[in-house]
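Here is a short briefing on a structure. The points are grouped by topic.

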Amino acid sequence: MTAFAKLPNGGAMSLAQIPRLSVDHFRAAVLAEVQGGGARLSAFFACPDGADALLLVAVLAQDDRGVLAVTTCAVQDEYPALTPDCPQAQGSEREIAELWGIRPLGHPWLKPLRFQPPRRGSAGAGRPSSERPAIGRAPFFAMAGEEIHEVAVGPVHAGIIEPGHFRFQCHGETVYHLETSFGYQHRGVERALVGGPNARTIHYLETLAGDTTIGHATTYCRICEALSRSRVPARDQALRGVAQELERLANHIGDLGAMAGDVGFLPTMSYCGRIRGDVLNLTAILCGNRFGRGLVRPGGCDIAAANVDELRRRLDQVRRDTEPAVQLLFESPTARARFDNTGALTAETCRELGMVGVAVRACGVARDVRHDFPYGIFQFAQLPVCTWMSGDVFGRAYVRWLEIQQSLTFVREQLTALPEGEVCRAAAAGTLAPDHLAVALVEGWRGEICHVAITDAAGRFACYKVVDPSFHNWMGLAMALRNQQISDFPLCNKSFNLSYCGHDL
Amino acid sequence: MLKLIAARLQQGYRTIGYPAAAPTLPERYRGRPLLAAAADSAALARAMAKCPTGALRATPDARPALDLGACLFCDACARECPDIVRFSSEFRQAAAKREELIVTPDRADIPVALHREASRLFGRSLKLRQVSAGGCNACEADVNVLNTVVFDLGRFGIQFVASPRHADGLLITGPVPENMREAVLKSYAATPAPKIVIAVGACAISGGPYKDHPEVHNGAGGLLPVDLFVPGCPPHPLTILDGLLRFLGRL
């Protein structure tokens, strides 16, 4: 028996066909793939297996082959942690411990991940649930010595942004270590998805990370379509692609503006802040909502033919406005001086941490779901993977600019040749295959979004795992801050612009 | 420098004419719902079953009532029964009292948002501290956009400040998770009196899709007295701006 079941992106498989390994075999197989095979952990989680047993599920992405390898093993109360040999498992194993009371033995930093209520037995780090620590009350990694000091930021931040806590270990201005402590945004999404789909399900996905409404809704719909074996019409695939790239455009343009604002370069901040709103308004022309709520539904896109000419005209205006606004930023020596060599990561660190999205592409790693695991319209309209070699704040800004140009071209092409067809209002939900596992990946604007669903005998979700790109990348921000000035934190943070609610669920 | 000036000229003047001129909204924008008086009770039950948050209800005399504070404006009810519910393009939806958010067939007027005391105290200068408490970053984004040149919030004397100690009130988004309870209460305590609380979005008013989750407090009202409710998922920036202006008696 092979150690892994192989699935395509958006594939489903009967649970009976998925290998169940012994704990030792599972650990060895996953480590071999990650360390030697170039795979990375897209998702690693536990789910109930019968009355009181638990199943560990690992979904490995093999980027070079476009294959998702799935394997499982049954666990009782403890197992040897993967993290010491595979750092990218650290967050997943903290979650497994916190939610299910399983001890990953040998985990180097086993503290709660989200300070969420346990779903079985004891809570994180082996504490009984009655002693569950209050949010944020857990030891931080600390330095000691003369003139060492600690800076605590959050959960409430100075801007109009989501809450989270950052703890810096500093010597003078220099940050030696940053530790993030999250969970403030925990709303119980995954718990509530169990037993679905129902009337609320799509709304959980659309509000999971509101700036990624299209990304998460599309991933969920692809899960439903995989489990119900439904096909999405060509017109709807194209519209989903348009909506997804509009979401990328709005956020990338907004991010360039915000990064300009963080170094006090006001022209680009002001222009890009406005253009971001213009792009959101394009999505509103499509579906009535600036964030694309109500647009993507299982089976297709729930919209009638839009005013394509108007969309094209306004898209061209966005292109004309964006280019000079962004060029100002890149041509300004004072702005460039702040962006260059700030918060640099290496490709090696990105790979070790299993990072995704703009941050890894800025380190020269060509990792993009649209290219490696093409889905929907991206099977027919290939977008080049945009990379840059510097790995710093400039790299993350410049990759965004490259992607803005690609997305503008893509959206215009799609709008010019939108396939004919009826409005698809087929609800695939409710007829999901029983006792199946489905995996879907989508390249959201932050990076890879991975959803994994397992259905019960009645075709309802027994388990629904959501992995937002932020889940992989927060540790990347922490690494990027090492040996930086603490005053560069806002700029570094904005250059990643990760989601708090996407992490906290 | 010349390039900066050229770019500035190219970008032009972009502030909207509102409130002096009527704003333009996208054709498909779903604003304040309108309800039909005579409703077939079986059809109403079908429409109610489609509502993800229980916002659409039947009154004791079997007439429809829709709670804007819980509505996600998803259109599911209107699609099921277009004879009962229809979403209009009316963006003015904010209310100073929670009960004003209940739409019935008889109540077609926009809700009253004016708060006389707030108008007297803060009518010409209002400093707000925004606290996201489980907000998904959509409400936050559409609050933030008020600071862009398009809406230019500063021209109305309204400003978001970095500390609750500098603020006249809190603007809260999100369903308020238990994990944010302490931070919300501390932010409120740190705001000097007299102070106001504004709940923006379905989550902050009622919990939204997260209503009755044990992990959340069903919005700001679960912990604090709320003075202005701005419905939507998320509310259109104009709905928020209109709410603030009518709240302060500026319109």
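**Chain contact**

The contact takes in 47 residues from chain A and 50 residues from chain B. The model is a predicted one.

*The side of chain A*
- Helix H4 (201–206), helix H7 (266–287) and helix H8 (308–331) of chain A each give at least two residues to the side that touches chain B.
- H7(A) provides the largest share of that side, with 10 residues.
- By residue class, the side of chain A that touches chain B holds 24 nonpolar, 14 polar and nine charged residues.

*Nonpolar core*
- The largest nonpolar core has 236 residues.
- Within this core, A:Val59, B:Ile172 and B:Ala199 touch the most other members.
- Helix H6 (residues 234–262) of chain A gives the most to this core: 12 residues.
- Leaving out residues up to four places away in sequence, A:Val59 touches A:Ser42, A:Ala43, A:Leu68, A:Val70, A:Val439, A:Cys450 and A:Val452.

*Domains of chain B*
- The domain assignment of chain B gives domain 1 as 33–91 and domain 2 as 116–247.
- Between the C-alpha centres of domain 1 and domain 2 of chain B lie 27 Å.
- Across the boundary in chain B, nine residues of domain 1 are in contact with 14 residues of domain 2.
- On the side of domain 1 of chain B that touches domain 2 of chain B, seven residues are nonpolar, two are polar and none is charged.

Notes. Residues are numbered from 1 along each chain as its sequence is written. Chains are lettered from A and ligands numbered from 1 in the order in which they are written. This is a predicted model: local features need pLDDT of at least 70, side-chain atom pairs count only at pLDDT 80 or more; totals for chains, interfaces and linings use all residues. A nonpolar core is a set of buried Ala, Val, Leu, Ile, Met, Phe, Trp, Tyr and Cys residues joined through C-beta atoms within 7 Å. A residue is buried if 20 or more other C-beta atoms lie within 10 Å of its own, exposed if 12 or fewer, and partly exposed in between; C-beta atoms are placed from the backbone. Helices (H or I, at least four residues) and strands (E, at least two) are DSSP runs, numbered from the N terminus. Two residues are in contact if their C-beta atoms, placed from the backbone, lie within 7 Å. Ala, Val, Leu, Ile, Met, Phe, Trp, Tyr, Cys and Pro count as nonpolar, Asp, Glu, Lys and Arg as charged, and the others, Gly among them, as polar. Domain bounds come from an automatic or database domain assignment.
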